[in-house]
Amino acid sequence: MQTKRLCVQRLAAGKSSILLVYRYCIYWDEGVEQRMKVRIGVIGVGGQGKSHIDKLLQVENAEVASVYDVNRETAERVAREIGATAANSSDELLDSGRIDAVIICAPQFAREGLEETAAARGIHLMAEKPLGLDLDTVRAKAKVIREAGVIHAAGYCLRYLDTVQRAKKYLESRPAHMIQVHRIGSAKNWPKWMRQQHLSGGNMVAGVTHQIDLVRFLGGEFRQMSAQFNRLPHHSKDPEDTIIDSGAAAFTMESGSIGTIGESVASLFYSNAEVNFIGYDYFLQLSSNGTVMTIVDENGSRTEKAAVNMMYEQSKAFVDAVANNSQELVLSSYTDAVRTMAVTIAATQSAEDQTLFTLQYDDMQP
Ligand SMILES: NC(=O)c1ccc[n+]([C@@H]2O[C@H](COP(=O)([O-])OP(=O)(O)OC[C@H]3O[C@@H](n4cnc5c(N)ncnc54)[C@H](O)[C@@H]3O)[C@@H](O)[C@H]2O)c1
């Protein structure tokens, strides 16, 4: 059987003067056309980096080519397991010429310059949520990414659930007057850095952000936020566990809806992550982190479970977006995720300053 190969290099100008080179190689085998695999690098291969890799290995047109972790042993072990190379630094990975795209799973306190370096080299990127800890820094990163013209994504994987897609369709013609968010669970088994407020940003920024993003995806933009954090002594006996136990917030939306958030990381025996949309003639609930949807309306009550794996769908969408140079295949872009981060920071700042916080999105183009 003869295989023919056609390689095309396409030059495209980004919004800045940077020129990007898109590589396409098309193979023919007995009339079947195949695109060359998208070569991906992963930075930070702890829990979430490994989850991405596991799903990428199932995506037909993806190849995990290289990994980097500040913990050399971890990087080498993961690289060995999947037959990738272990880079000695993030710069080495990004400069290697061996990757088309990078997935950034280093913790949010440790991403200095990674997105900008990738974008400047024309490397497409996905960054895990939250995008960082400081909003101005993240806004500046978004500007560089937008101007570079690379494909960009953020790890708001719940958007890829079929339940969430159906909820979006249902809610399109049914504005909610009330939205309830809650995310309750225990931080006991989280990585140590996640239990430190200054490194993770706290549960509002690092955990509830998924539900806040869902509210934005399904219900539009937030307008005002007023939050309170628990000031009682922390539940943990470890003095280095500084994460705030719980928070409560009230918010308004640009649509006129109002809503509440209740969150806790200090609940050993109950956990759930849920968003409820309440309309005059319907109730729509996305529970179990979006994977279970219940609708109650004039047609009765029905519950559906997600039939897809959100991490796989997210990986596939990102790889397809890179392969086809189609940003619209990405349901959660980096630039849009800046707004989700802004809402979580608004809640945190409101609780710290004891003020009502009004969101301004002027320089945050989605
Ligand atoms: N989308 C989701 O549902 C989801 C779920 C879990 C975690 N996350 C996010 O993924 C990120 C990683 O979380 P995790 O649970 O994998 O944490 P983790 O502690 O399990 O892994 C982090 C890894 O990054 C490495 N690392 C630290 N600093 C680094 C640096 N400067 N360069 C390269 N590697 C570095 C660590 O050695 C570790 O292996 C966080 O931002 C977290 O919020 C997202």
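Which residues touch the most other members in the largest nonpolar core? Let's get to that after a quick word on the model. This is a predicted model, where local features need pLDDT of at least 70 and side-chain atom pairs count only at pLDDT 80 or more, while totals for chains, interfaces and linings use all residues. Residues are numbered from 1 along each chain as its sequence is written, and side-chain values use heavy atoms, leaving out hydrogens and water.

Okay, the layout. The protein chain splits into domain 1 (3-157 + 312-333) and domain 2 (159-307 + 341-358), with bounds from an automatic or database domain assignment. Their C-alpha centres sit 28 Å apart. Across the two, 20 residues of domain 1 are in contact with 18 residues of domain 2, contact meaning heavy atoms within 4.5 Å.

Back to my question: the answer is Val-102, Phe-222 and Leu-284, out of 74 residues in that core. Helix H11 (residues 334-353) provides the largest share, ten residues, and each domain gives at least three. By nonpolar core I mean a set of buried Ala, Val, Leu, Ile, Met, Phe, Trp, Tyr and Cys residues joined through side-chain atoms within 4.5 Å; buried is under 20% relative accessible area, with a 1.4 Å probe and protein chains only. Apart from this core lies another, of 28 residues, including Val-42 and Phe-318.

Take a look at Phe-222. Leaving aside neighbours within four places in sequence, its contacts include Ile-212, Phe-251, Met-253, Val-343 and Tyr-361.

Now, the open space. The largest pocket holds about 980 Å³ and has 44 lining residues, with Gln-48, Lys-129, Pro-191, Trp-193 and Met-194 nearest its centre. On a 1 Å grid over the protein atoms alone, a pocket is an open set of points with protein on both sides within 12 Å along at least five of seven lines, a cavity is a set where a 1.4 Å probe fits but cannot get out, and lining residues have an atom within 4 Å of a point. Volume is the space filled by probe spheres set on the points, which are joined across faces, edges and corners.

Helix H1 (47-56) gives the most to the pocket lining, four residues. Helices here are DSSP runs of H or I, at least four residues, numbered from the N terminus.

Last stop, the largest cavity: about 30 Å³, lined by Gln-197, Gly-202, Asn-203, Met-204, Phe-229, Ile-244 and Glu-263.

How values were computed:
Helices (H or I, at least four residues) and strands (E, at least two) are DSSP runs, numbered from the N terminus. Buried means under 20% relative accessible area, exposed over 50%, partly exposed in between (1.4 Å probe, protein chains only).
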